[in-house]
Amino acid sequence: MLPWHRTIIAFLLLVIIGPSSGCNVMRITLNTPITPGDVAFIVPGQTTLPEVVERLGSPDSLNNTSTGFVSIYRFLDMKYARVNLGWVARFWSPVDPDLIFSRTGFGTDALQVFYDKNGVVVEHSFLRHLKELQFHPYPF
Amino acid sequence: MTIFRSLLLLATLTLLAQGCAFSRGTLGDDIETDAVGTIKKGVTTKTEALALLGAPDRILPLNGRDLYQYYRYDAKAGSLLLILVNFSRLSVKSDDLFVIINQTGVVEDVISSKRTENLEFRFWPFGE
């Protein structure tokens, strides 16, 4: 992810979290997450770039490699949960105490598809092997 | 009975809701599908492509060819602000267009898709 992508997401995060109440549950998705099932159609040595683009759409970037080029599909599925246990005390407390537990899971991943110089897939792989993230405010 | 339940749900939500919020952010110019459609592989020249699409956001070398990349980002956020809990969801998608120009200055390939067309405002953070 480029630096300005992070800046935009951080800004939007603040805008959304700003008017907070006792609990917050938030999710940010960047592009549609791609699963191993979505790329099962890719057969190294046979599948071509147009076929990949037809199924997955255009990639986020194309770059040179020593044997051809690589297309990269980036995606993110961020889950954030926050609970402010001190929020309940504001009904009887003269001050507005905070006792906040929060946790963020950045589900960043990318699919890399390597092609030869003729645009035929050589191999493909995910950058990370993410498990399904859950909303868990407990940070410990 | 279904109408009664729907009204009850609506009344409950109205009582609990402090408000809701919609936010949207975009980055880059819209990639015009008509302009992309007029580009012909093996016919359109670099000059014509630039006249149709404007200057690219990025230029990269790709095995002796030039790769012009155009992109646009669209973000839609929805927040449901209840008394005790807030639900928010931000969805960001991008449109990317790649135009590959060969060494003779002619368009060799065009790769494009519009992912932002199906982007919707969503509140509910669970599920898909």
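Here is a friendly conversation about a predicted model with chains A and B.

Residues are numbered from 1 along each chain as its sequence is written, while chains are lettered from A and ligands numbered from 1 in the order in which they are written. Because the model is predicted, local features need pLDDT of at least 70 and side-chain atom pairs count only at pLDDT 80 or more, whereas totals for chains, interfaces and linings use all residues.

Colleague: In what order do the elements of chain A run from the N terminus on?
Modeller: Helices (H or I, at least four residues) and strands (E, at least two) are DSSP runs, numbered from the N terminus. Chain A has 2 helices and 6 strands. Read from the N terminus, their order is α-β-α-β-β-β-β-β.

Colleague: Which element gives the largest share of the side of chain A that touches chain B?
Modeller: Two residues are in contact if their C-beta atoms, placed from the backbone, lie within 7 Å. The contact takes 28 residues from chain A and 31 residues from chain B. On the chain A side, the elements giving two or more residues are helix 1 (3-17), strand 1 (23-30), strand 2 (61-64) and strand 3 (68-84). The largest share, 8 residues, comes from strand 1 of chain A.

Colleague: Is strand 1 of chain A largely enclosed or open, and why?
Modeller: A residue is buried if 20 or more other C-beta atoms lie within 10 Å of its own, exposed if 12 or fewer, and partly exposed in between, with C-beta atoms placed from the backbone. In strand 1 of chain A, 7 of the 8 residues are buried, so the rest of the structure leaves this strand largely enclosed.

Colleague: Which residue of strand 4 of chain B is the bridge partner of A:Val25?
Modeller: Two strands pair if DSSP finds at least two bridges between them. Strand 1 of chain A is joined by 8 bridges to strand 3 of chain A, running antiparallel, and there A:Val25 stands opposite A:Ala81. Another 8 bridges join strand 1 of chain A to strand 4 (residues 85-101) of chain B, and these two run parallel. In that strand of chain B, the partner of A:Val25 is B:Phe87.

Colleague: Which residues of chain A does B:Phe98 touch?
Modeller: Residues up to four places away in sequence are not counted here. Within chain B, B:Phe98 touches B:Leu67, B:Gln69 and B:Ile111. In chain A, B:Phe98 touches A:Ser58 and A:Leu62.
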